[in-house]
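Me: I would like to go through this model with you, chain by chain. Could you begin with the terms you rely on?

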Amino acid sequence: MQSTYKFKPQRGSAVAEVDKGVVLSKPIGFASVSPLFAVLGVFFFGPIIALILAIFDQGVGAAGQLLYDVMRDDLFHSVAFRTFRVALIVTIISVVVGYTMAYAMWRSSQTVRSIALALIMFPLFTSIVVRTYAWTAMFSRFGIINTVLLKFGLIDQPLTMLNSEPVVLIGMVQAMLPFAILPIYTTLLSLDLDLLRASAICGAKGRQTFTKVVLPLTKQGAAVAAILVFVISLGFYITPAILGGPKSAMISNMISTEVITFYNLKGGAVMSVLLLLVTLCLLFIASKIGSVAAHYRR
Amino acid sequence: MGDTANIRRIRFLLIALVALYLTGPTLVVVWLSFSTDDVLRFPPQLFSWRWYQEFVFDERWNEAVLRTLFVGGLATLFSTTIGSIAAFGVARTKLPAKRLVEALAIAPLVVPPIILATGGYSLFAKLDMIGSNIGLAVLHTVLGVPYVYLIVASALARIDPSIELAALSLGANRWRTIRDVTMPVNLPAIITGGLFAFLISFDEVVVTVFVSGSLAPTLPVRIFSSLSMAASPVVAAVSTVQIIIAVVLMCMAGILQRWQRRWAEAAPAM
Amino acid sequence: MLEKIGSVAGSRVQMRGLTKEYGIVRAVDNVSLDIEPGEFISLLGPSGSGKTTALMMLAGFESSTSGSIHIGHQDVTSVPPYARGIGMVFQSYALFPHMSVFDNIAYPLKLRRMSKADIDIRVRRAMETVKLSPDKFANRLPLQLSGGQRQRVALVRALVYEPHVLLMDEPMGALDKNLREELKLELLNLQERLRLTIVYVTHDQSEALMLSDRAAVMRDGRLEQVSSPESLYQRPQTEFVANFLGEANLLPVNQSSESDFKLADGRVLRCSLDFAINPAQQYLLLLRPENVEVCSETEAMLQGRITKSVYLGSFTRIEVDTPVGTVTAFAKPSPSRRFVLDQTVGLRFPTENAVLVPKATRG
């Protein structure tokens with residue numbers, strides 16, 4: 001009943017690794033990632049290279065002039081500054097609220113945990129456009145908030161709330177909260193509950209256990225969440241466009257206006273590349289925090 | 001642990017408030033979509049299907065739906081195939097520099113979409129691909145691949161390697177083992193990855209606006225552009241449909257994930 | 001069908017100078033072992049002793065750095081696992097979670113291109129031999145089985161295609177004690193009928209003693225001793241083996257004449273030796289605690305004070321501080337006889353056939 005197999009006797013060419021399972025050869029490995037590389041090469045790096053080429057297609061001097069023009073532009077200054085400010089505020093609120101929420105969930109029963117988790121996942125799945133539309137329904141002249149305020153006689157005239165930065169913040173924090181809660185919650189889940197019991201037995205009060213045990217063990221997760229939230233916030237487009245209007249535009253909106261409305265592809269390209277560089281720097285810092293923390297844990 | 005009733009109450013209140021903030025406004029949209037009013041107002045006059053009828057019988061909305069499904073379907077197909085194969089390659093071959101491959105596969109996740117939008121626009125302008133559905137689908141593929149990769153890679157890492165060793169010991173060669181064991185055991189994760197990829201495309205606005213040219217907008221782009229003008233309640237109906245689709249996909253993903261996890265846990269005894 | 005295998009005897013398995021190096025670590029170090037056809041052999045050792053690595057090399061999942069493996073007449077050193085014609089039971093059972101019990105067991109038969117009808121008959125018969133009713137279990141998924149049932153499916157799946165060699169990697173590790181006992185007996189019954197060659201890896205000495213024809217004790221990648229369970233326990237050849245299997249008192253002795261040895265207190269023992277004494281080597285007298293008897297002072301060979309006493313049901317484990325060192329004994333308590341701390345007791349032990357073990361120079 002033994003079948004005969006053809007094989008090349010080769011010492012050291014194991015077909016499997018005990019702790020990994022099947023192992024295929026290097027050429028197959030290259031073949032398996034080549035479609036990914038092809039698509040990313042042409043349609044991910046391609047666009048980035050196209051931007052850089054658009055900037056440099058009339059020589060380095062012209063590129064320098066483009067950069068100079070953008071950097072001297074007052075509108076660019078104010079938009080860039082606003083982008084950083086908004087992203088920073090969104091990050092702070094999201095991480096503080098997200099940490100509190102994650103901690104509260106962690107200390108709750110399994111039922112509360114799973115319901116809360118499902119409700120947190122909900123906005124991740126629903127469209128950002130739809131969620132932003134929902135906020136306009138809340139804040140518009142005839143929206144819920146104005147209706148309620150008028151009904152209780154708190155105001156005589158409907159307030160104009162849309163097209164302002166606070167509403168943008170509310171919308172963006174809603175979008176970013178899951179990105180803050182989930183990594184922090186995961187870090188908390190990986191903590192051993194016996195640690196808390198041990199700390200309590202050692203005589204620590206609730207607050208001491210939190211500041212001396214829980215916080216130090218989870219601050220790296222919170223830091224990674226913060227950088228993630230900040231990076232994604234920098235690139236927001238839809239929420240400021242709908243809730244903020246022109247006065248609350250962020251850098252993505254400005255790039256879009258430059259390219260689509262003013263046909264200024266080169267200016268948009270310069271701003272895009274600057275945004276990309278800032279993003280990459282932040283991610284580099286994040287990876288350093290991550291790896292340093294990994295060493296620390298070991 | 002020994003929390004007082006008060007602390008527990010505060011905790012519950014906090015969770016409820018955050019959950020309300022995250023989901024409440026979106027659910028209000030569902031409520032609005034059944035309004036009989038001509039304009040958005042509160043509380044809406046209930047109950048009618050008129051905005052759904054308007055959505056279903058409006059040619060321009062139909063066009064948007066068809067284009068969204070076409071582009072989304074293609075993007076899902078592409079990113080699921082490419083992402084899964086790459087995840088398999090990293091997990092199951094002697095490929096060098098796996099870290100680098102991983103970093104590249106995840107990169108589109110963290111790069112602001114406007115960069116892919118402006119860059120894609122200038123690239124497509126050169127390649128004369130503005131307005132190409134396939135071109136748009138490939139850009140959406142770039143955005144969906146990281147999700148597929150991450151989900152499939154983590155499933156591959158969780159599966160007990162000894163089931164593959166078992167197949168080898170029973171007489172299956174490596175390709176048979178991958179076909180009969182590794183692939184089917186990871187199928188739930190591959191499908192989950194595909195669901196995510198579809199949702200990403202289904203939700204994408206920025207890149208789509210830039211490279212669509214004169215083509216009909218996709219569903220999210222249509223919602224987006226009708227918001228800049230006075231939004232008719234038909235948007236609420238469209239949004240509700242989108243919410244329902246998203247929730248259904250989310251539940252499917254949840255079920256598949258649980259399935260996958262149970263399989264992974266089934267292998268190590270107890 | 002499994003009854004039929006009875007005629008298909010197991011194959012001989014030979015390892016020659018088998019070595020596995022990971023960088024500078026030698027996980028398996030120059031292991032040579034001949035396993036007879038139909039023999040049940042255990043690879044026994046603490047974790048990190050190389051027993052699992054050796055098994056994985058037998059299965060073909062690890063390549064060897066040097067040395068060779070023969071199964072039957074074939075050199076399989078560089079043959080991939082799927083062509084070695086072995087069966088293997090994994091610690092985690094490694095059932096395919098997406099296949100029913102039937103499909104799990106049928107899988108190796110499908111690979112061998114058997115007809116559907118044959119597969120059906122074989123799988124059903126195989127399930128019956130391990131008391132899994134085909135009607136009840138065939139369509140269940142592994143998730144819906146208990147630990148013991150999974151173990152049985154894993155065993156049948158490894159046997160259904162009639163391999164000549166069965167490898168088992170701590171197959172009882174994940175089961176609770178009662179189930180383990182039951183399955184051990186079943187495995188013994190099965191082996192009595194099949195006479196396969198079985199290589200069984202375990203760190204549990206009682207499992208190895210109960211199941212195997214021979215056991216190979218491994219330590220730091222090397223074979224420490226290969227012999228029958230009785231002689232492993234009664235006549236260990238190294239201090240490590242003496243300590244690893246059961247409890248042992250090891251008392252230093254000096255050779256006083258050809259076959260006489262002196263304990264530290266001057267008492268002379270006569271030993272029958274089956275090996276040549278190396279005068280440069282120090283030797284230890286092996287006394288199993290169950291062979292040390294508590295007795296009156298007049299009969300006593302040693303006297304001492306009880307420093308520890310633990311009641312264990314059928315006996316009391318006592319440690320006695322004697323002039324030759326601390327001696328552990330399993331003493332039988334009785335209503336008139338209790339063992340309390342600081343009590344002075346006499347001990348005696350048989351002196352004929354005393355076993356000497358060379359004192360280890362390392363570790």
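Reply: Domain bounds here come from an automatic or database domain assignment. For chain C, that assignment gives domain 1 (2-234) and domain 2 (247-358). This is a predicted model, in which local features need pLDDT of at least 70, side-chain atom pairs count only at pLDDT 80 or more, and totals for chains, interfaces and linings use all residues. Residues are numbered from 1 along each chain as its sequence is written, while chains are lettered from A and ligands numbered from 1 in the order in which they are written.

Me: What separates the centres of the two domains of chain C?

Reply: Taken over C-alpha atoms, the centres of domain 1 of chain C and domain 2 of chain C are 40 Å apart.

Me: And how is chain A divided?

Reply: Chain A has domain 1 (1-57) and domain 2 (60-296), with 36 Å between their C-alpha centres. Six residues of domain 1 of chain A are in contact with ten residues of domain 2 of chain A, where contact means that the C-beta atoms of two residues, placed from the backbone, lie within 7 Å. On the domain 1 side of chain A there are six nonpolar, no polar and no charged residues. Ala, Val, Leu, Ile, Met, Phe, Trp, Tyr, Cys and Pro count as nonpolar, Asp, Glu, Lys and Arg as charged, and the others, Gly among them, as polar.

Me: Where do chains A and B meet, and how many residues are in contact?

Reply: The contacts join 81 residues of chain A to 77 residues of chain B. Helix α1 (residues 26-56) of chain A supplies the largest share of the chain A side, 18 residues. By class, that side of chain A has 55 nonpolar, 21 polar and five charged residues.

Me: Turning to chain B: what is its secondary structure?

Reply: Chain B has eleven helices and zero strands; helices (H or I, at least four residues) and strands (E, at least two) are DSSP runs, numbered from the N terminus. The C-alpha trace of chain B spans about 70 × 65 × 30 Å along its principal axes. Of the 270 residues in chain B, 55% are buried. A residue is buried if 20 or more other C-beta atoms lie within 10 Å of its own, exposed if 12 or fewer, and partly exposed in between, with C-beta atoms placed from the backbone.

Me: Where is the kink in α6(B)?

Reply: The kink, of about 40 degrees, lies at Gly144(B), shortly before the proline Pro146(B). The bend at a residue is the angle between axes fitted to the seven residues ending there and the seven starting there. In α6(B), 20 of its 26 residues are buried.

Me: Which element gives the most to the largest nonpolar core?

Reply: That core has 260 residues, and those with the most contacts inside it include Val142(B) and Val152(B). The element giving the most to this core is α6(B), with 15 residues. A nonpolar core is a set of buried Ala, Val, Leu, Ile, Met, Phe, Trp, Tyr and Cys residues joined through C-beta atoms within 7 Å. Apart from residues up to four places away in sequence, Val142(B) touches several residues, among them Val39(A), Phe43(A) and Leu116(B).
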